[in-house]
Amino acid sequence: MTTALNHLSRSPYDYIVYDSDTERRFAEDCAKDPNVKMFVKLPDWFKIHTPLGNYNPDWAVSIVENGNENFYFIAETKGNILSESLRPTEQGKIRCGKKHFAALDTGVRLKETTSLKELYN
């Protein structure tokens with residue numbers, strides 16, 4: 001199932017194409033949450049290079065938490081992000097992506113989540 005959300009004021013796009021109910025809920029929650037400054041479903045051409053191949057995170061989100069702005073790349077918005085449910089190569093790419101951003105030391109983080117609420121934890 002691929003469909004789209006329209007009229008999103010905190011996204012640089014007029015609509016967001018999503019592939020699952022989890023992605024739809026995530027986008028709707030971002031659009032409603034006043035702490036979300038910006039969010040975008042990342043295009044296919046956005047890649048993080050890893051030794052295991054290119055990795056395309058699902059989202060980029062900027063959130064104000066306790067007066068501080070935090071920027072996240074969201075690795076996966078699957079209904080189940082337990083490592084057992086992901087393919088080994090995908091798990092490895094996510095680990096590489098996390099290390100990539102940690103090494104850059106810019107404050108940008110790569111996280112796995114099933115909902116926007118989990119980013120606040």
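The largest pocket in this predicted model has a volume of about 260 Å³. Its lining comprises Tyr13, Tyr15, Ile16, Val17, Asp19, Glu23, Lys41, Leu42, Pro43, Asp44, Asn56 and Asp58. By class, six of these residues are nonpolar, one is polar and five are charged. Strand β2 (residues 15-18) supplies the largest share of the lining, with three residues.

Helix α1 covers residues 21-32. Buried positions in α1 are Thr22, Glu23, Phe26, Ala27 and Cys30. These residues cover an arc of only 135° around the axis and therefore fall on the same side of α1. Glu23 belongs to the pocket lining. Phe26 belongs to the largest nonpolar core.

That core holds 13 residues. Phe26, Phe39, Trp59 and Val61 touch the most other members. Several elements give two or more residues to the core: helices α1 and α3 (116-119), and strands β3 (36-41), β6 (59-65) and β7 (68-76).

Definitions and conventions:
Residues are numbered from 1 along each chain as its sequence is written. This is a predicted model: local features need pLDDT of at least 70, side-chain atom pairs count only at pLDDT 80 or more; totals for chains, interfaces and linings use all residues. Side-chain values use heavy atoms; hydrogens and water are left out. Helices (H or I, at least four residues) and strands (E, at least two) are DSSP runs, numbered from the N terminus. The expected span of a helix is 1.5 Å times one less than its number of residues. Buried means under 20% relative accessible area, exposed over 50%, partly exposed in between (1.4 Å probe, protein chains only). The arc is that of the directions from the helix axis to the C-beta atoms. On a 1 Å grid over the protein atoms alone, a cavity is a set of points where a 1.4 Å probe fits but cannot get out, and a pocket is an open set with protein on both sides within 12 Å along at least five of seven lines; lining residues have an atom within 4 Å of a point. Grid points are joined across faces, edges and corners, and a volume is the space filled by probe spheres set on the points. Ala, Val, Leu, Ile, Met, Phe, Trp, Tyr, Cys and Pro count as nonpolar, Asp, Glu, Lys and Arg as charged, and the others, Gly among them, as polar. A nonpolar core is a set of buried Ala, Val, Leu, Ile, Met, Phe, Trp, Tyr and Cys residues joined through side-chain atoms within 4.5 Å.
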